[in-house]
Amino acid sequence: MPDIIQLLPDHVANQIAAGEVVQRPASVVKELLENAIDAEASNIKLIIKEAGKILIQVIDNGKGMSITDARLSFERHATSKIKKAEDLFNLHTKGFRGEALASIAAIAHVDLKTKQENQELGTYIKIEGSNLIFQENVSTLKGTSVAVKNLFYNIPARRNFLKSNSIETRHIINEFQRVALAHPTISFSFYHNESEVYNLTSGNLRQRIVSIFGKKTNEKLVPINEVTDVLEINGFITKPEFAKKKRDEQFFFVNDRFIKNAYLNHAVSSAFESLLSNGYFPTYFLYLTVPTKSIDINIHPTKTEIKFDDEKTLYAILRSTVKHSLGQYNVAPILDFDRSASFDTPYNYKDKKSETPKITVNHDFNPFKNEEQKSIQFPYKREKSQQWESLYTGIDLHKIEVEAETIPNLLFSDDKPNSKTYQVHKKYIVSSIKSGIVYINQHLAHQRILYEEFLENITVKEALSQQLLFPLEISFNKSDIELIREIKDDLQSVGFLFDKILEDSIVVNGIPVTIIESQITIIIEQLLEDIKNDIPNASFSQLDVMAKSLAKSLAIKTGTKLDLREQEEIVNKLFICKQPDLSPFGKTTFVTIDIDEIDKKFNN
Ligand code: ADP
Ligand code: MG
C-alpha cells in the first residue's frame with residue numbers, strides 16, 4: 001500500500017484555523033482591537049462598512065512593527081507575545097496564539113500599514129487569501145492600520161451564513177463594548193458606514209460605563225472594591241431596582257479580558273437572591289484580578305472562556321463581596337417597587353430630572369381589570385386568515401383546521417353557552433362539558449389566545465393601538481437600538497408607535513391595547529431578549545418569536561383571581577383559536593376528564 005498521509009499546505013491549515021478564530025465580522029473586530037491594545041496604543045479607531053462584510057479597519061497609535069515583523073505577523077504561530085510553553089501561565093497580553101492575522105489573511109483581502117517610532121518609512125503589505133500581493137515602503141504615521149476587506153470572499157458557504165447587517169453590527173458593537181469596557185484609559189472611536197457610533201475619551205471606569213450605556217446609568221451604579229489574598233474585585237453592580245429582563249449587560253473581566261462564566265455569574269445572581277423578582281437579571285461590570293498562573297486562558301480559540309484553579313473560593317468571595325456592597329448601599333431586603341428610584345443614592349446628580357421608568361411589577365396584574373380596557377380586544381378576521389396560517393412553522397395545518405373546528409363542538413355543543421365556569425386555586429378554569437369536565441390552565445390558555453391575536457395583528461396589520469398621553473422615553477444601549485430599528489415595522493404592526501428612535505433611547509407614543517403603560521419597558525426588554533436568544537434567520541421566525549414573547553409577558557398569571565365574565569371570555573376565546581390545545585410553547589392548555597372515568601371512581 002502506498003503512503004497516504006501528507007502535510008496540509010499552509011493556506012489550507014490557515015483556513016481551517018480561521019474557522020475557529022473567525023466566526024463572523026465581530027471576531028475580526030475583536031482580534032484587531034486586541035492586537036492594538038497589546039501594541040500599547042492609547043488611541044484606537046474602528047471603521048466598518050456594511051456590518052464588516054465590506055470593510056473592517058482598525059487604526060492604532062501603538063508601537064508598530066519592523067519590516068520583517070510586519071511580514072512575519074501573517075505566518076501561523078508567529079507571535080511576539082510568548083516564547084515558551086511556560087509563558088502561557090504568565091500572560092499579560094490579549095493575544096499569544098499567533099494565529100489571528102494568519103487566519104484572517106487566509107479568508108479576506110488584507111492591507112497592513114505599520115511604522116515604528118524610530119523608523120523613517122513604514123511598511124505596506126497587501127495579502128489576499130494567504131498570498132502576498134506586494135510589500136513596499138510607505139510613508140505613514142506611527143502605529144498600525146489593518147484593513148480587512150471582503151471577509152470570507154473565498155469561502156462562499158461562510159459568507160452566505162452571515163446574518164443580516166443589523167445582527168452582524170450588533171455582534172460588532174458587543175465586541176467593541178467589551179474591549180472598550182476592559183480598557184477605560186484608552187480612547188476609542190467607532191464609525192459605521194461613515195457615521196460615528198461611539199467616541200470614547202480616556203477616563204475612569206465609571207465614565208466609560210456611562211459613555212457607553214448612557215447618562216442615566218450613573219446613578220444606578222454601586223461600586224465594588226475588595227482585595228483578598230487570592231483575588232481583587234473592582235467595578236460596579238447596579239441597584240436591584242434597575243435590574244433588567246435581559247442578561248446582556250453582565251460583564252466579567254478577568255485580568256482585563258472579557259470572559260463568560262456561568263458559575264461566577266451564578267455567584268453574583270445569588271447575592272441578589274431575594275432582591276430580584278423572577279425573570280430579572282442584575283446588571284454588573286466586574287473586574288477580577290487574579291495571579292496569571294492561577295488561570296488557563298488557552299482552553300478556547302476565542303479566549304472567552306477560561307479555567308480557574310480554585311473556582312469555589314472565587315465563587316464564595318465574589319458572592320459575599322456583592323452581598324456586602326448591596327448591604328452597604330442600603331438596598332432594602334425586599335424590593336419596594338413603589339419607592340422612588342432616587343432613594344439611597346450616595347451621589348448628587350445634576351440631571352436627575354429625566355427619570356428612568358421604574359420597574360413596577362405587579363404579580364396580581366389582571367388585564368381584565370384594566371379600566372381603559374374592559375375586555376381583551378380580539379379582532380378576528382377569519383377571511384384574512386390564510387396569510388397568517390403560514391406563520392405556523394412545522395405544524396400540520398390541515399390537522400389544526402380539523403381540530404379547531406371540532407374541539408369546541410365536541411366539547412360544548414349541548415351545554416354552551418349556558419355552561420357555568422369555576423375557578424380553582426386561582427389557576428384553573430373548570431367547566432362542565434358534554435363528555436365530562438374540562439380543566440383549563442388560565443395562564444397557558446391566555447398565552448395561546450394572545451399569541452394568535454398578535455400573529456393575526458402582525459400579519460393583517462390592523463392592530464389596535466392606544467395613544468399615550470405623554471410620550472415615554474426609554475433608554476437602551478446601542479446594540480438594542482439597532483435591534484429595535486430592525487424590528488420597528490413589526491412592533492408597529494402589533495400596536496407600538498414610535499415618535500422617535502434616538503441614539504440611545506426611543507420615544508414611544510402608542511402601545512398595544514392589551515398593555516398598560518407601566519409594563520412597556522419590561523415588555524420591550526423581554527422581547528429584545530427573546531429575539532436575541534432566538535437569533536432568527538428569517539424575518540418570518542422573528543415575527544413568531546415576537547408574538548410568543550408578547551403572549552408570554554402579557555398572559556394573565558397563575559394566582560390571578562378571575563370573575564365569571566373573565567373566565568368565560570378565556571373559555572370562549574380559547575376555543576376559537578386555531579390550535580386551542582397547546583400554548584405557543586407547546587404546553588397543554590386544557591385537559592378533559594370523561595364522565596366514564598368519574599363513574600369508574602365510584603364503582604370500587
Ligand atoms: P498574537 O496576537 O496571538 O500574537 P496575531 O496573529 O494577532 O497573533 O499577531 C501576530 C503578531 O503581529 C503579534 O504577536 C504582534 O507582534 C504583531 N502585531 C499584530 N497586530 C499588531 C499591531 N496592531 N501593532 C503592533 N504589532 C502587531
Ligand atoms: Mg492577536
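## Cavities in the model

The structure holds five cavities of 30 Å³ or more. On a 1 Å grid over the protein atoms alone, a cavity is a set of points where a 1.4 Å probe fits but cannot get out. A pocket is an open set with protein on both sides within 12 Å along at least five of seven lines. Lining residues have an atom within 4 Å of a point. Grid points are joined across faces, edges and corners, and a volume is the space filled by probe spheres set on the points.

This is a predicted model: local features need pLDDT of at least 70, side-chain atom pairs count only at pLDDT 80 or more, and totals for chains, interfaces and linings use all residues. Residues are numbered from 1 along each chain as its sequence is written, chains are lettered from A and ligands numbered from 1 in the order in which they are written, and side-chain values use heavy atoms, with hydrogens and water left out.

## The second largest cavity

The second largest cavity has a volume of about 100 Å³. Its lining includes Lys30, Glu34, Arg178, Asp256 and Phe258. Helix H2 (25-38), helix H6 (165-182) and strand S12 (257-259) each give two or more residues to this lining. Helices (H or I, at least four residues) and strands (E, at least two) are DSSP runs, numbered from the N terminus. H6 gives the most, with four residues.

What classes of residue line the second largest cavity? Three are nonpolar, two polar and seven charged. Here Ala, Val, Leu, Ile, Met, Phe, Trp, Tyr, Cys and Pro count as nonpolar, Asp, Glu, Lys and Arg as charged, and the others, Gly among them, as polar.

## The largest pocket

The largest pocket has a volume of about 1,000 Å³. Its lining counts 37 residues. His171, Asn174, Arg178, Phe258 and Lys260 lie nearest its centre. Arg178 and Phe258 also line the second largest cavity.

Which element gives the most to the lining of the largest pocket? H6 does, with six residues. By class, the lining divides into ten nonpolar, 14 polar and 13 charged residues.

## The second largest pocket

About 750 Å³ of space lies in the second largest pocket. It is lined by 33 residues. Asn35, Met65, Ser73, Ser80 and Lys81 lie nearest its centre. Elements giving two or more residues to the lining include strand S2 (55-60) and helix H4 (100-106). H2 provides the largest share, six residues. The lining has 13 nonpolar, ten polar and ten charged residues.

## Ligand 1

Where does ligand 1 sit? It takes up the space of the second largest pocket; a molecule sits in a pocket if more than half of its atoms lie within 2 Å of its grid points. There are 18 residues around the ligand, and Asn35, Thr79, Ser80, Lys81 and Gly98 come nearest. A residue is near if one of its heavy atoms lies within 4 Å. The shell has six nonpolar, eight polar and four charged residues.

Polar contacts (pairs of N or O atoms within 3.5 Å) link ligand and protein. An N or O atom in the side chain of Thr79 is 2.6 Å from a ligand oxygen. For a polar side-chain atom of Lys81, the distance to a ligand oxygen is 2.7 Å. A polar backbone atom of Ala100 is 3.3 Å from an oxygen of the ligand. Taken alone, ligand 1 exposes 530 Å², and the protein buries 92% of that. Such areas come from the Shrake-Rupley method with a 1.4 Å probe.

Conventions:
A polar contact is a pair of N or O atoms within 3.5 Å; within protein, one must be able to donate a hydrogen and the other to accept it, and residues adjacent in sequence count only if both atoms are side-chain atoms.
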